[in-house]
Amino acid sequence: MRFNPPYIYTAAELEEYFLGIYKATEAKSPSVEPGVERLRRLEAARIRRASKALEEALRSMAYSMPFLSDLHPFYRELLDLAIGAAGYKHALARVGRAVRAVRAISREALLALKTAYDKDQIYRIRKSFIGRTIDLIDNLEDELELIKKASVYIRKLPDIDPELFTIVVSGAPNVGKSSLVGCMSTAKPKVAEYPFTTKQIHVGHIFLRGDRVQVIDTPGLLDRPFEEMNAIERQAVLALRHLAKVIIFVVDPTPHGGYSLEMQIRLYKNIKSSFDAPVVPVLNKIDIASGDEIRRAEEALGGELPKIAAARCEGVAELTRQILEKYYVPQALEALRASRRA
Ligand SMILES: Nc1nc2c(ncn2[C@@H]2O[C@H](COP(=O)(O)OP(=O)(O)OP(=O)(O)O)[C@@H](O)[C@H]2O)c(=O)[nH]1
Ligand SMILES: [Mg+2]
């Protein structure tokens, strides 16, 4: 994702940062004023600088992280899955409120300083200012941890661009999905983790003139019926729904892959009913499939199908061209018209 998260402090780091600035601040004109006045001035400068630095650190964390409502639904869904949308919102809001709280504490301390008449009183004000500010930071420990998690999480999804036209490749295990993605798109697909499982999404690109289309391979995700998925995997599928503009369903009509035609048809129907995007069935491994196997598969899937041998990239260029022509071009033209109207 094109997102540069701000540095997220832990509560302990933030305390250290705050105290460091507090201690490093020196009085502007040392030793010319009498004791109490000098101390008052030094203390005021320290309070001002330390709380200002803290406010800025908090503000950057609270306001430079993406708001849920600004995120593409794909990311929103994933973030909800990994971190919890409600907790994330709540954490950002609390850190945002802490900015004002820090300012209030420092104002109070500065005001009290004005009327402090001896060193002891100034020391008490200092102690109370530091104590209250540290308490406030302590209380943000969980929130900061959660925001840090979110920022790490978001940074880990760099290679999926939800704005690009996206082809998702599905099908039973071992049918040739990865081979197809490899032939269709840039040879070395990049890998993005699903941070909530050990699974990875492989993302390749098809470079068109002045544009790019994204091809996504989802190993171990869209290769078995939804009844067999756990809640997390189902939600990952939901997230993919926001992304997929068209889904290729790879069928292996031979016994080579180890999954029966019946199982594959069941999966096909399952995927069709769970996604809004069109699902395009494709027959793979035609280099080793018998005429009978091909016929049986086509009959079961309702007619003639594109045929490929993905291991040798045979028929893949033609398939890609057909899919782009049918699904991508109309959308690209519509987008172009819309941008001209705007
Ligand atoms: N004969 C033949 N073998 C193929 C073809 N396409 C893929 N294979 C073989 O089928 C096996 C699985 O191919 P993959 O591309 O890894 O299949 P996959 O669907 O990505 O597999 P998983 O990710 O494990 O589910 C490999 O041994 C490939 O060499 C093909 O067109 N013809
Ligand atoms: Mg694979």
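**Around the ligand**

Modeller: Sorted by class, the shell around ligand 1 holds six nonpolar, six polar and three charged residues. Here Ala, Val, Leu, Ile, Met, Phe, Trp, Tyr, Cys and Pro count as nonpolar, Asp, Glu, Lys and Arg as charged, and the others, Gly among them, as polar. Please keep in mind that this is a predicted model, where local features need pLDDT of at least 70 and side-chain atom pairs count only at pLDDT 80 or more, while totals for chains, interfaces and linings use all residues. Residues are numbered from 1 along each chain as its sequence is written, chains are lettered from A and ligands numbered from 1 in the order in which they are written, and side-chain values use heavy atoms, leaving out hydrogens and water.

In total, 15 residues surround ligand 1, each with a heavy atom within 4 Å of it. The closest are Lys 177, Ser 178, Ser 179, Asp 287 and Ala 310.

Two of these also make polar contacts, meaning pairs of N or O atoms within 3.5 Å; within protein, one must be able to donate a hydrogen and the other to accept it, and residues adjacent in sequence count only if both atoms are side-chain atoms. The side chain of Asp 287 places an N or O atom 2.8 Å from a nitrogen atom of ligand 1. Ala 310 uses its backbone instead, with an N or O atom 2.8 Å from an oxygen atom of the ligand. The side chain of Lys 285 has an N or O atom 3.3 Å from an oxygen atom of ligand 1. Taken alone, the ligand exposes 650 Å², and the protein buries 71% of that; accessible areas come from the Shrake-Rupley method with a 1.4 Å probe, and for residues only the protein chains shown count as cover.

Two loop residues deserve a look as well. Most residues other than glycine have a negative phi. Asn 174, however, has a positive phi near 70°, and sits in the loop between strand E1 (165-171) and helix H7 (177-184). Cys 313 also has a positive phi, near 60°, in the loop between helix H10 (291-301) and helix H11 (316-341). Helices (H or I, at least four residues) and strands (E, at least two) are DSSP runs, numbered from the N terminus.
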